[in-house]
Amino acid sequence: DLNDSERQELQTNKGVFVRLVADNTPAFNADILVGDVVTAFDGVSVSNSTSFSELQRERRGKQVSVSLLRRGQRVDKQIQLNP
């Protein structure tokens, strides 16, 4: 989840801050980076880590779109999730 300073900087309460990307994972293969903020997952707004985990679980094995903020710029990625 976003901490208070990240919320202030981004001017939003919604999103999930990427703090770790493990090698050879879907996030790694899609070039998602530590410091990115996931704002939407498969077209659904991400409000916190709980909602993000639920969205991932519901879409296992599928290709999904991920919208994120990177250094203040919106970036869209396609990710193939593990089954």
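Helices (H or I, at least four residues) and strands (E, at least two) are DSSP runs, numbered from the N terminus. The structure is a predicted model, in which local features need pLDDT of at least 70 and side-chain atom pairs count only at pLDDT 80 or more, while totals for chains, interfaces and linings use all residues. Residues are numbered from 1 along each chain as its sequence is written, and side-chain values use heavy atoms, with hydrogens and water left out.

**Nonpolar core**

- The largest nonpolar core has 16 residues; such a core is a set of buried Ala, Val, Leu, Ile, Met, Phe, Trp, Tyr and Cys residues joined through side-chain atoms within 4.5 Å.
- Within this core, Ile 32, Phe 41, Val 46, Val 66 and Ile 79 touch the most other members.
- At least two core residues come from each of strand 2 (37-41), helix 3 (49-58), strand 4 (63-70) and strand 5 (73-80).
- The most is given by strand 4, with 3 residues.
- In soluble globular proteins, nonpolar side chains tend to be buried together.
- Contact means heavy atoms within 4.5 Å. When residues up to four places away in sequence are not counted, Val 46 touches Lys 14, Gly 15, Val 16, Val 38, Thr 39, Ala 40, Phe 41, Ser 51, Phe 52 and Leu 55.

**Salt bridges**

- The whole structure contains 6 salt bridges, each defined as a side-chain nitrogen of Lys or Arg within 4 Å of a carboxyl oxygen of Asp or Glu.
- Accessibility is classed as buried under 20% relative accessible area, exposed over 50% and partly exposed in between (1.4 Å probe, protein chains only).
- Asp 36 is buried, at a relative accessible area of 2%.
- Another salt bridge joins Arg 7 and Asp 4, at 3.8 Å from N to O. Both residues belong to helix 1 (residues 4-10), where they are 3 residues apart, about one turn of the helix. Arg 7 is partly exposed at 29% relative accessibility, whereas Asp 4 is exposed with a relative accessible area of 59%.
- Arg 59 and Glu 58 also form a salt bridge, their closest N and O atoms being 3.0 Å apart. Arg 59 is buried at 15% relative accessible area, while Glu 58 is partly exposed at 47%.

**Largest pocket**

- On a 1 Å grid over the protein atoms alone, a pocket is an open set of points where a 1.4 Å probe fits, with protein on both sides within 12 Å along at least five of seven lines; lining residues have an atom within 4 Å of a point.
- The largest pocket has a volume of about 390 Å³, a volume being the space filled by probe spheres set on the points, which are joined across faces, edges and corners.
- Its lining comprises 20 residues, of which Pro 26, Ala 27, Phe 52, Gln 56 and Leu 81 lie nearest the centre.
- Strand 1 (16-17), helix 2, strand 2 and helix 3 each supply at least two lining residues, and helix 3 gives the most, with 3 residues.
- The lining divides into 15 nonpolar, 3 polar and 2 charged residues. Here Ala, Val, Leu, Ile, Met, Phe, Trp, Tyr, Cys and Pro count as nonpolar, Asp, Glu, Lys and Arg as charged, and the others, Gly among them, as polar.

**Individual residues**

- Ser 53 is placed in helix 3 and is partly exposed at 36% relative accessibility. Ser 53 and Asp 76 are 23 residues apart in sequence, and their C-alpha atoms are 19 Å apart in space.
- Gln 11, a residue other than glycine, has a positive phi near 60 degrees. Gln 11 lies in the loop between helix 1 and strand 1 and is exposed, with a relative accessible area of 64%.
- Arg 71 likewise has a positive phi, near 55 degrees. Arg 71 lies in the loop between strand 4 and strand 5 and is exposed, at 84% relative accessible area.
- Asn 13 occupies the loop between helix 1 and strand 1 and counts as exposed at 54% relative accessibility. Leaving aside neighbours within four places in sequence, Asn 13 is in contact with Leu 2, Arg 7 and Ser 47.
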